[in-house]
Amino acid sequence: MKYTVEVTAVGDSVEQLLEMSGNLVLLNDTEAAAYKNMVVSHTVGELAEDIACGDTLVIGHQEYEVTEVGEDANQDLREQGHCTLVFGAGRHADQPGQIAVSGAEMPRVIAGY
């Protein structure tokens, strides 16, 4: 495992953002965020090794393949537990802090996972 965290809170707008844009924003629960309603807060984790294309991302019981990693995503994960996961076939990590993934369906994010 390169990075393991547990979801501590799911903002009220997370599901809507995921459905509308295919994006899921992650952030350490220790970080002050003006947009807490739009993020998935999680415990602080240690990134043991950079996330890379071909890696497997697991959310709950769903698996996704990492298809693209933005140039700042690994550093942002190390420093703030922050990145934006981009779901959907053919979607790209258009921003430096994004990680694009592909998989069968959108994740269901629940505190405690």
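1. A search through the whole of this predicted model turns up three salt bridges. Here's the general idea: side chains of opposite charge can pair when their charged atoms come close.

2. Start with Lys 2 and Glu 49, whose side chains meet in a salt bridge at 3.8 Å, N to O. Lys 2 sits in the segment before E1, while Glu 49 is in the loop between strand E3 (39-42) and strand E4 (56-59), so the pair links distant parts of the chain, 47 residues apart. Glu 49 counts as partly exposed, at 48% relative accessibility.

3. Lys 2 also has a salt bridge with Asp 55, with the closest N and O atoms 2.7 Å apart. Asp 55 is in the loop between E3 and E4, 53 residues from Lys 2. Is Asp 55 buried or exposed? Buried, because its relative accessibility is 19% and the cut-off is under 20%. Put together, Lys 2, Glu 49 and Asp 55 are linked in a network of salt bridges.

4. Then there's Arg 78 with Asp 50, a salt bridge at 2.6 Å, N to O. Arg 78 lies in helix H2 (residues 73-80) and Asp 50 in the loop between E3 and E4, so this pair ties together parts 28 residues apart in sequence. Arg 78 is partly exposed at 44%, and Asp 50 is partly exposed at 38%.

5. Now for two strand residues. Thr 84, in strand E6 (residues 83-87), is buried at 13% relative accessibility. Beyond its sequence neighbours within four places, its contacts include Leu 24 and Gln 98.

Note on methods
Residues numbered from 1 in each chain as written. Predicted model: local features only at pLDDT ≥ 70, side-chain atom pairs only at ≥ 80, totals over all residues. Heavy atoms only, no water. Helix = DSSP H or I, 4+ residues; strand = E, 2+ residues; numbered from the N terminus. Buried < 20%, exposed > 50% of the residue type's maximum accessible area, 1.4 Å probe, protein only. Contact = heavy atoms within 4.5 Å. Salt bridge = Lys/Arg side-chain N within 4 Å of Asp/Glu carboxyl O.
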